[in-house]
Amino acid sequence: DELDTIHCRGRGPDPNAFNINVNDVLGNYSLTLIDSLGTLAVLGNSSEFKRAVQLVVDVVDFHIGSTVQVFEANIRVLGSLLSAHLLIRDPSQPFGDLMPEGYND
């Protein structure tokens with residue numbers, strides 16, 4: 001869900017379900033992947049943006065028994081998904097063609 005920059009690897013939930021300091025933040029729904037969508041678009045990396053969107057479609061599953069922080073989910077997940085969708089559908093295409101193959105509203 002998040003990047004562990006010190007060890008250069010991803011970090012997911014703690015197997016210890018009682019470690020709420022970690023598990024309430026790391027809801028196991030690919031936060032960093034979703035969070036990166038807008039950055040990839042703004043930087044003009046349309047090929048990686050399209051790949052990331054496809055990964056979100058193929059991999060991210062919100063039907064999991066996980067406790068999430070509502071604020072965190074709203075600003076990072078909802079905000080990123082809505083922004084990515086709006087960037088894809090923007091007729092002026094300010095960041096180039098971001099429409100992934102087979103994208104369906």
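Okay, let's start with the largest pocket: 18 residues line it, and Val53, Val56, Val57, Leu81 and Tyr103 lie nearest its centre. A pocket here is an open set of points on a 1 Å grid over the protein atoms alone, where a 1.4 Å probe fits, with protein on both sides within 12 Å along at least five of seven lines; lining residues have an atom within 4 Å of a point.

Quick note before I go on: this is a predicted model, where local features need pLDDT of at least 70, side-chain atom pairs count only at pLDDT 80 or more, and totals for chains, interfaces and linings use all residues. Residues are numbered from 1 along each chain as its sequence is written, and side-chain values use heavy atoms, with hydrogens and water left out.

Back to that pocket. What classes of residue make up its lining? Eleven are nonpolar, five polar and two charged. Helices α3 and α4 each supply at least two of the lining residues; helices are DSSP runs of H or I, at least four residues, numbered from the N terminus.

Now α2. Its buried residues are Leu31, Ile34, Leu37, Leu40 and Ala41, where buried means under 20% relative accessible area with a 1.4 Å probe, protein chains only. They pack against α3 and α4. Just after α2, Gly44 takes a positive phi of about 80°.

Last stop, contacts, meaning heavy atoms within 4.5 Å. Leu98 touches Ala41, Ser46, Phe49, Lys50, Leu87 and Ile88, leaving out residues up to four places away in sequence. That's it from me!

Terms used
Ala, Val, Leu, Ile, Met, Phe, Trp, Tyr, Cys and Pro count as nonpolar, Asp, Glu, Lys and Arg as charged, and the others, Gly among them, as polar. Buried means under 20% relative accessible area, exposed over 50%, partly exposed in between (1.4 Å probe, protein chains only).
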